[in-house]
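The coordinates should be read with their origin in mind, since the model is predicted.

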Amino acid sequence: MAALLTQGVSMGACRAERLTSACARTHALASPASAPAMNLKQRSHTGFTLRQPRGGKETFVMSAHNGRHPQRTSGIRTAAFATAAQQIPEPSARDTQFGTIDEALVAMAAGKFVVVLDDEDRENEGDLIMPAEKMTPEAMGFMVKHTSGLVCVAIEPKRCQELNLPQMVASQENEDRMLTAYTISCDHMSTSTGISAADRSATVRALADPSTQPNDLRRPGHVFPLRAREGGVLKRGGHTEAAVDMARMAGCAPVGVICEIVNEDGSCSRTPELLKFAAEHGLVVITIADLITYRTRSERLVDRTAVARLPTKHGTFSMYSYKSVLDGIEHVAMVKGEIGDGKDLLVRVHSECLTGDIFMSSRCDCGEQLELAMKEVAAEGRGVIVYLRGQEGRGIGLTHKLLAYNLQDQGRDTVEANEDLGLPVDSREYGIGAQILQDLGVSTMRLMTNNPSKYQGLKGYGLEVVGRVPLMTPINPENRRYIETKRTKMGHLYPTDFGATEQKNSSEGEAVNGNVN
């Protein structure tokens, strides 16, 4: 047991390093001329946005969002996206060292381990993962030999309750850097000491067996259940959720056994070592990023719930409401004119900004962009504005946004303020927006945006962006640095004469003009 606890310290250190890596974000400065080479990466335990250059072109890799497990909900109409999803190549195919999600699921269904990495482009750790019901003493021996040895079993929340496996500490008292939800450890009553490979494999299989009852388990023990978040990797991008998702997708009970791979000296294995390890043992390697993308593109995320006529100062629109099956958040789409064949529509996908959209804050350009988008769609007589709620402050929430404002008043820019708070620079995702557009019948669009990541994020869902329409709004002394930071650090496309133009517009209130293509 002492050896197990020692190994547990090593595993805990690996988990602590995860947040450090997550906060060490890299931002390549990008001007309009260099935008195609932009490489912006962000990650947190609640969301991801990854983009990287491939072959001289910026490639959208993955965007994950928060939400609960998809459940079928009532609604006037259910959006269906299977056909479009089948037409999208899986991102894993971009690197032959990594397998596809389908390959990983086949391996898991056959009772084989899969190596799952946090992020293939940074030196994060990887776990051995297998469906718990497939565990054998031989497999457990292999796992203990090549990992930290602190064997964990990822379980859905409801099953944890059924087995009377409460969390080790209350959620509000959890001081784990990644908020990993450890429950009370356990052994199956049939085991002896509980520590041998045979004993631990018996406990793991019992946790996956639907007939197991609470009194079949002895507490504490030598196997550590983990309570997965509802919604899996679409809610939290961790190995815990990946194990449950993959076990379920492989046709097994939604219970997965996981343990972090380490080197011979006990240090956490990084991507090069993990790839070598997998090759030596014939194991499929995937990333959580690819699993998130796979699920996002192949599963239904929204239900249409209502539609009504909405007269505005820019004319009459049809407002469609949608409800996310992940988290229950309601989104809307404003449609002007007839969608028709769905081609060449003017489209804006707008993230909710309470301070800018409602209270007309001068700290950002959100409200003015929304107003301009409505005006442009109305003038054209045909188009769509998708309004995504729950994305306040580029996904960090209203409270954190206000805290970031305080840091900005102390001299930090919008990127630095988020980083100082330990938050992602931009955790928004556009999968729900893309599915709403698909449900409305949009196929090709001219996208109103200054943000290349939004352009890339919508392209991957069977939608074709045939052009970008810039949204240039007045710049004022309050939002000048904010917009400049978006241009230089986040790759947003603004005129090259930004600084000189701002001086004129801040006094005259004129919109910025210029070539931003």
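Two residues are taken to be in contact when heavy atoms lie within 4.5 Å. On that basis, residues 24 or more positions apart account for 69% of the contacts in the chain with a separation of 6 or more. The predicted model contains 18 helices and 18 strands, and of its 517 residues 56% are buried. Its accessible surface is about 20,800 Å², with carbon and sulfur atoms contributing 52% of that area.

Seven strands form an open sheet with mixed pairing, in the order β8-β9-β7-β10-β6-β5-β11. Its edges are β8 (186-188) and β11 (284-287), each of which pairs on one side only, and the twist from one strand to the next averages 45 degrees. At the β11 end, strand β5 (residues 114-117) pairs with β11 in the parallel sense, and Leu 117 has Thr 287 in β11 as its bridge partner. Helix α3 packs on this sheet, where it touches β5, β6 (126-131) and β11, and its direction makes about 125 degrees with that of β11. Helix α8 (residues 271-281) also lies across β5, β6 and β11, running at about 165 degrees to β5.

Helix α3 (residues 101-109) additionally packs against helix α9 (residues 288-298), with an angle of about 100 degrees and axes 10 Å apart, so α3 is roughly perpendicular to α9. In this contact Ile 101, Asp 102 and Leu 105 of α3 meet Asp 290, Leu 291 and Tyr 294 of α9, a set made up of four nonpolar and two charged residues, with no polar ones.

Strand β14 (residues 330-336) runs antiparallel to β16, with Lys 336 opposite Gly 383; strand β15 (residues 345-351) is parallel to β16, and Val 349 has Val 386 as its bridge partner.

| Strand pair | Sense | Bridges |
|---|---|---|
| β5 and β11 | parallel | four bridges |
| β14 and β16 | antiparallel | five bridges |
| β15 and β16 | parallel | six bridges |

Terms used
Residues are numbered from 1 along each chain as its sequence is written. This is a predicted model: local features need pLDDT of at least 70, side-chain atom pairs count only at pLDDT 80 or more; totals for chains, interfaces and linings use all residues. Side-chain values use heavy atoms; hydrogens and water are left out. Helices (H or I, at least four residues) and strands (E, at least two) are DSSP runs, numbered from the N terminus. Buried means under 20% relative accessible area, exposed over 50%, partly exposed in between (1.4 Å probe, protein chains only). Accessible areas come from the Shrake-Rupley method with a 1.4 Å probe; for residues, only the protein chains shown count as cover. Axes are lines fitted to C-alpha atoms, for helices over the stretch in contact, and angles run from 0 to 180 degrees between N-to-C directions. Angles under 35 degrees count as roughly parallel, over 145 as roughly antiparallel, 65 to 115 as roughly perpendicular and the rest as oblique. Ala, Val, Leu, Ile, Met, Phe, Trp, Tyr, Cys and Pro count as nonpolar, Asp, Glu, Lys and Arg as charged, and the others, Gly among them, as polar. Two strands pair if DSSP finds at least two bridges between them.
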